Amino acid sequence: MTTSSVQRVGERLGLAPRDVLEALLSSVPDAVYVVDPDGRVEFANPAALELLGYEEEELLGRISHPTIHHHHWDGTPFPQEECPMLRPRQTGETVRVDGDCFWRKDGTPFRVAYSSAPLPMSTGRGAVVVFRDVTARIEAEEAARREAVERARAQEIHDSRARILAAADTERRRLGRDLHDGAQQRLVRVLLALKQAEGSCGDPVAGGHLAEAIREAEEAIAELRDLVTGVHPAILTTRGLAAAIDSLAARLPLITTVSVTDRRFAPSLEAAAYFVVAEALTNVVKHAGAEEVHVRIDERGDGLCIEVKDDGRGGARAEGGSGLRGLADRAAAFDGTLEIVSEPGQGTRLRVAIPVP
């Protein structure tokens, strides 16, 4: 509204232009105050007084900058000569700032967005300042940024863990393959050569030494085969999860039942499921005192459900040992979850759910 239109409204209503302007400014929801060419507050509407915490007679006549704009948000002093809100009095430009802060009478700051425009007066150029409290908006934006940073950090940790596990599984497969195709085959050839030598040896003493060497070679091959299986069983790569779990269960000193889906999955997922079961069965044998164990792997919804249940002493806890913590980490690397139900005297049921891409 221009000065002439304010005058015309005042004439029609029988009011002075200043009274018309004050009535208008008092009715707007935004906070408004006016400063004279010296920077003293000449007018403040009710919204401004409420936000700043002043009574009208306390604020009018005070220099605005040292009263409400004297420090930055971080508490450092704000020199008056650097204040953009005062530029309209000097240059005639209009200044708009978002995210600054004003200070209340009680010494507490709040975040503001404001515009400061020049206002011609009889004694020079003053300014009219319109502002609003944007503390809630800025805090919400900062919280959203912090949350985004935390999500990105958590995602990076998750991705890093997944990469480490994938690299470890790849190295397991390579090492298992090298042991199977290299050292194990060499030992088999040595064993065959020893048996041939034993068959053609006529010396009882030499024959006894050969027989002992054969036993050592057979034990070395058996130990190496167990080592290869522990590193990464070849059967998992060649025949899949079901065959690998059957082979694993066959070596247990327990009554074991196995039900595993025949579907093939990504190598990293098959390795994760296999080593979850292997670690769980190791814990059963070492700690559960069980007579029977049941292994089940099937697809449920969009994921793979791995369950190992025994009839042992129970009382297992996910935080109780590095093995179970390792299972939780392996599941989490695939966005999976670990659940353990293990009441004392009632056995243990371990269940891992892993989403299938």
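The model is a predicted one. The chain contains 12 helices and 10 strands, and 37% of its 357 residues are buried. Of the contacts between residues at least 6 apart in sequence, 53% join residues at least 24 apart.

**The antiparallel sheet**

- Five strands, in the order β2-β1-β5-β4-β3, form an open sheet with antiparallel pairing.
- The edges of this sheet are β2 (41-44) and β3, each of which pairs on one side only.
- From one strand to the next, the twist averages 30°.
- Strand β1 (residues 31-35) runs antiparallel to β2 and is joined to β2 by 3 bridges; within this pair, Val34 has Phe43 of β2 as its bridge partner.
- Strand β3 (residues 95-103) and strand β4 (residues 109-121) are antiparallel and are connected by 8 bridges. Phe102 stands opposite Phe110 of β4.
- The β3-β4 pair forms a hairpin with 5 residues between the strands, and Gly107 in its turn has a positive phi of about 90°.
- Strand β4 is also joined to strand β5 (residues 124-133), through 10 bridges and again in an antiparallel arrangement. In this pairing, Ser115 has Val130 of β5 as its bridge partner.
- The β4-β5 pair likewise forms a hairpin, with 2 residues between the strands.
- In a regular strand, side chains alternate between the two faces of the sheet.

**The mixed sheet**

- A further open sheet is formed by 5 strands in the order β6-β7-β8-β10-β9, and its pairing is mixed.
- Its edge strands are β6 and β9 (337-341), each pairing on one side only.
- The twist in this sheet averages 10° from one strand to the next.
- Strands β6 and β7 pair in the parallel sense over 6 bridges, and Thr257 has His294 of β7 as its bridge partner.
- Helix α10 lies across β6 and β7 and runs at about 175° to β6.
- Helix α11 lies across β7, β8 and β10 and runs at about 10° to β8.

**The contact between α10 and α11**

- The axes of α10 and α11 come within 10 Å and cross at roughly 15°.
- Angles under 35 degrees count as roughly parallel, and the two helices α10 and α11 are therefore roughly parallel to each other.
- The crossing of α10 past α11 is right-handed.
- On the α10 side, the contact is made by Leu241, Ala244, Ile245 and Leu248. On the α11 side, Glu270, Ala273, Tyr274, Val277, Ala278 and Leu281 take part.

**The nonpolar cores**

- The largest nonpolar core has 38 residues, and those with the most contacts inside it are Leu241, Ile245, Tyr274, Val277, Leu281, Ile297 and Ile306.
- At least two residues of this core come from each of α9 (234-239), α10, α11 (267-288), β7 (292-300), β8 (303-310), α12 (322-333) and β10 (348-355).
- Helix α11 gives the most to this core, with 12 residues.
- Leaving aside residues up to four places away in sequence, Ile245 touches Val258, Val260, Tyr274, Val277, Val295 and Ile297.
- Another core, of 23 residues, lies apart from the largest one; Ala44, Leu49, Phe78 and Val129 are among its members.

**Leu252 in its loop**

- Leu252 is found in the loop between α10 (241-250) and β6 (255-260).
- The relative accessible area of Leu252 is 19%. Buried means under 20%, so Leu252 is classed as buried.
- Leu252 and Leu281 are 29 residues apart along the chain, and their C-alpha atoms are separated by 8.4 Å.

Definitions and conventions: Residues numbered from 1 in each chain as written. Predicted model: local features only at pLDDT ≥ 70, side-chain atom pairs only at ≥ 80, totals over all residues. Heavy atoms only, no water. Pairing = 2+ DSSP bridges. Helix = DSSP H or I, 4+ residues; strand = E, 2+ residues; numbered from the N terminus. Axes fitted to C-alpha atoms, helices over the stretch in contact; angles between N-to-C directions. Buried < 20%, exposed > 50% of the residue type's maximum accessible area, 1.4 Å probe, protein only. Core = buried A, V, L, I, M, F, W, Y, C linked by side-chain atoms within 4.5 Å. Contact = heavy atoms within 4.5 Å. Parallel < 35°, antiparallel > 145°, perpendicular 65-115°, else oblique. Left-handed = near helix turned anticlockwise from the far one by under 90°.
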